[in-house]
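Please have a look at both before reading on.

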Amino acid sequence: MTFIQHNSDTPQSIEERQNVSQSELQKVASIEHGSYFTQLDEHRYLPLPPSEGPWNPGACHGGPPSALAAHELVGHQPDRDRRVGQIHVDFFGEVPLKPLTFVTTTLRPGRRIELVETRAQGDDNRVVISARSWRLAIEAERAPRVEPTLQVPSDEVSYPDSSIASFPYGASIDWAFFEGGFTEPGPATVWARPRLNLIDLQPMEPLEAVLLVADSANGISSELDFKHFLFLPTVMEIGLRSRPNTTEVGLSARTTIDHEGIGTTRGTLFDREHSFGYLLQTLYVDHR
């Protein structure tokens with residue numbers, strides 16, 4: 001399996017490739033790439049090298065911008081009496097390693113249920129990603145708990161897969177597999193532990209970690225060879241029955257593909273205590 005290798009950028013090469021201002025450049029140069037993004041303004045961010053994915057140089061993996069969208073959705077008019085029940089992410093194309101500005105609005109206000117949307121665009125005003133979140137009112141003991149029994153995988157039987165370290169996003173996360181792997185076609189189950197912050201020195205939140213990891217579901221459960229095929233997510237849906245409690249994310253995924261070039265990846269999200277949600281990706285599949 002062949003991935004694009006990443007070489008660290010100097011401030012000069014960042015400026016040439018991303019066309020950022022000197023003040024923004026100084027901020028980039030002041031950190032050691034311990035995060036996926038640096039914040040340039042209140043809702044403006046610059047993707048850093050660890051955001052880069054396996055498909056094309058200079059383009060983000062879908063996980064970091066999805067996590068950043070979740071950050072913006074949660075931060076929009078926050079309310080302790082509501083919780084995210086679902087996030088739906090649409091990818092309008094590649095997300096370049098260039099500044100992104102988010103605009104967030106409430107599409108459907110309500111006392112019990114509300115819908116919030118955020119859209120990220122580049123300096124050319126092209127929208128590259130949008131995300132919607134249903135935020136639902138919560139109340140302790142309002143309903144009985146009904147959830148499937150989960151047998152949490154034991155760390156004693158896990159194994160690493162070093163092939164994922166061959167591109168920056170993959171190398172930024174510790175992966176411990178219990179089933180499958182990046183070089184093994186078929187279903188996969190893994191613990192994923194992000195090693196970086198999402199934004200500068202801000203510790204990553206559990207929900208952000210879920211979005212960061214979830215978009216790799218099609219990669220860990222791939223049925224086709226990366227060297228010969230693309231299988232790109234065009235949309236990702238995350239349903240959250242319960243709160244994720246930690247930035248350690250358990251993910252079990254399976255991919256199916258039709259001969260006309262459309263695929264789906266379905267997955268279960270879990271932590272050490274229980275299964276807390278699901279994911280669904282729709283894939284565009286083609287020869288490279």
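## Leucine 207 and its surroundings

Let's start with one side chain in this predicted model. Beyond its neighbours within four places in sequence, leucine 207 is in contact with Ala70, Val74, Val84, Ile87, Leu240 and Pro244. Leucine 207 sits in helix α5. Is leucine 207 buried or exposed? With a relative accessible area of 14%, leucine 207 falls under the 20% cut-off and therefore counts as buried.

## The nonpolar cores

The largest nonpolar core has 54 residues, and the members that touch the most others are Tyr36, Trp175, Leu211, Ile220 and Ile238. Helix α5, spanning residues 206-214, gives this core its largest share, seven residues.

Now pick out isoleucine 238. Setting aside neighbours within four places in sequence, isoleucine 238 is in contact with Gly85, Gln86, Ile87, Val210, Leu211, Ala214, Leu269, Tyr278 and Leu279. Another core, of five residues, lies apart from the largest one; Trp55, Phe231, Leu283 and Val285 are among its members.

## The chain as a whole

Stepping back, the chain holds six helices and 13 strands. It has 288 residues, of which 51% count as buried. Of the contacts with a separation of 6 or more, 65% are between residues 24 or more positions apart.

As for the surface, the chain exposes about 14000 Å², with carbon and sulfur atoms supplying 49% of that area.

How values were computed:
Residues are numbered from 1 along each chain as its sequence is written. This is a predicted model: local features need pLDDT of at least 70, side-chain atom pairs count only at pLDDT 80 or more; totals for chains, interfaces and linings use all residues. Side-chain values use heavy atoms; hydrogens and water are left out. A nonpolar core is a set of buried Ala, Val, Leu, Ile, Met, Phe, Trp, Tyr and Cys residues joined through side-chain atoms within 4.5 Å. Buried means under 20% relative accessible area, exposed over 50%, partly exposed in between (1.4 Å probe, protein chains only). Helices (H or I, at least four residues) and strands (E, at least two) are DSSP runs, numbered from the N terminus. Contact means heavy atoms within 4.5 Å. Accessible areas come from the Shrake-Rupley method with a 1.4 Å probe; for residues, only the protein chains shown count as cover.
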